[in-house]
Amino acid sequence: MELIDTHCHLHLDPLREALGEVLARARAAGVSRCVTLATSVASSRQTLALARAHPMLGVAVGIHPEEVDGAGPEALAEL
């Protein structure tokens with residue numbers, strides 16, 4: 001059985017600043033994968049960069065409803 005954290009925001013401080021330690025603690029607890037969630041176009045870029053650097057990470061990109069007012073067609077096209 002594989003344990004996956006399906007909802008985390010690892011692009012946010014202080015998690016991003018200590019990402020190596022955060023992922024090591026997750027592995028020690030038996031977590032094999034983490035899905036880090038974006039809430040905007042900018043955080044989508046950040047989460048993708050983190051996943052490229054850390055194979056244990058998966059990504060869900062998107063725009064949170066609280067962030068949607070500033071998102072136009074160009075934001076959706078980038079996603």
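Arg16 and Asp13 are joined by a salt bridge, with their closest N and O atoms 2.6 Å apart. A salt bridge here means a side-chain nitrogen of Lys or Arg within 4 Å of a carboxyl oxygen of Asp or Glu. This is a predicted model, so local features need pLDDT of at least 70 and side-chain atom pairs count only at pLDDT 80 or more, while totals for chains, interfaces and linings use all residues. Residues are numbered from 1 along each chain as its sequence is written, and side-chain values use heavy atoms, with hydrogens and water left out.

How exposed are the two partners? Arg16 counts as partly exposed at 37% relative accessibility, and Asp13 is partly exposed too, at 43%. (Buried is under 20% relative accessible area, exposed is over 50%, and partly exposed is in between, using a 1.4 Å probe and protein chains only.)

## A bridge between helices

The structure has two salt bridges. Glu78 and Arg45 form one of them, at 2.8 Å from N to O. Glu78 sits in helix α3 (residues 73–78) and Arg45 in helix α2 (residues 41–53), so this pair ties together parts 33 residues apart in sequence. Helices are DSSP runs (H or I, at least four residues), numbered from the N terminus.

Glu78 is partly exposed, at 44% relative accessible area, and Arg45 is partly exposed at 47%.

## A nonpolar patch

Leu48, Val61, Leu76 and Leu79 make a nonpolar surface patch of about 330 Å². Such patches take residues with over 30% relative accessible area and no salt bridge, joining nonpolar side chains (Val, Leu, Ile, Met, Phe, Trp, Tyr) within 5 Å and like charges within 9 Å. Areas come from the Shrake-Rupley method with a 1.4 Å probe, and for residues only the protein chains shown count as cover.

Leu76 is found in helix α3, and at 59% relative accessibility Leu76 counts as exposed.

Notes
Helix = DSSP H or I, 4+ residues; strand = E, 2+ residues; numbered from the N terminus.
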